[in-house]
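Trainee: I have the sequence and the structure open. Where do we begin?

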Amino acid sequence: MWRVVPTGTLLAAPSLLTHARDGAAHFQAIHDTAIKVNEVLTGHAAKVGLSHCDGKAEFLLSSDARLVLADSPGTPDESRLMCNGVHCGKQVLRNWYVANGLDIPTRQLIADGVPRSQWPQPAPLPPEFLPAMSDLYRSLSETWTGERRWNAPDLHAATRAVSDLIGQ
């Protein structure tokens, strides 16, 4: 499943009508682009031994009303990638927070209208997580790009180390 997040600048009142007329075409273009992005990422993930579970694509309208893909699809911050059933990105940390009762009830805070500046700070991660997560991100980068930049461990070893650390 892809989450499509519209972003961009506010439009002046005279241009709203034009953009409303173009809305159906823009939504179709967003749909078509999101499908294509998903196909490319899913295909590449399979080629390098990963599962592409889902992702997020952000779009904006340029000042001349062109639709622009505005983020970096395929990164572990925009896509959920898995290797051997282990998430290769921040989802693994989210799962750890939830499993340990340390998650912050953001949906409830939003529903209650609590300003973000008043939300509680998340509990710090244990210090041993930093090297394991760094290895995971570096291994994922090397696997995804095919370029050895950091001499990171093999992605299977990195996911195993993270899995052992967080008890997944």
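Trainee: How many nonpolar, polar and charged residues line the largest pocket?
Mentor: Gly counts as polar, Pro and Cys as nonpolar, and Asp, Glu, Lys and Arg as charged. The lining then has seven nonpolar, five polar and four charged residues.

Trainee: What kind of model is this?
Mentor: Residues are numbered from 1 along each chain as its sequence is written, and side-chain values use heavy atoms, leaving out hydrogens and water. Local features need pLDDT of at least 70, side-chain atom pairs count only at pLDDT 80 or more, and totals for chains, interfaces and linings use all residues: the model is predicted.

Trainee: Which helix gives the most to the largest pocket's lining?
Mentor: Helices here are DSSP runs (H or I, at least four residues). With five lining residues, the top giver is helix 2.

Trainee: Which element gives the largest share of the largest nonpolar core?
Mentor: This core joins 21 residues (buried, under 20% relative accessible area; side-chain atoms within 4.5 Å). Leu-50, Leu-136 and Leu-155 are among those touching the most other members.

Trainee: Is Glu-78 buried or exposed?
Mentor: Glu-78 sits in the loop between strand 3 and strand 4. Its contacts (heavy atoms within 4.5 Å) include Lys-56 and Asp-71. Its relative accessible area is 13%, so Glu-78 is buried.

Conventions. Helix = DSSP H or I, 4+ residues; strand = E, 2+ residues; numbered from the N terminus. Buried < 20%, exposed > 50% of the residue type's maximum accessible area, 1.4 Å probe, protein only. Lists of a residue's contacts leave out its neighbours within four places in sequence.
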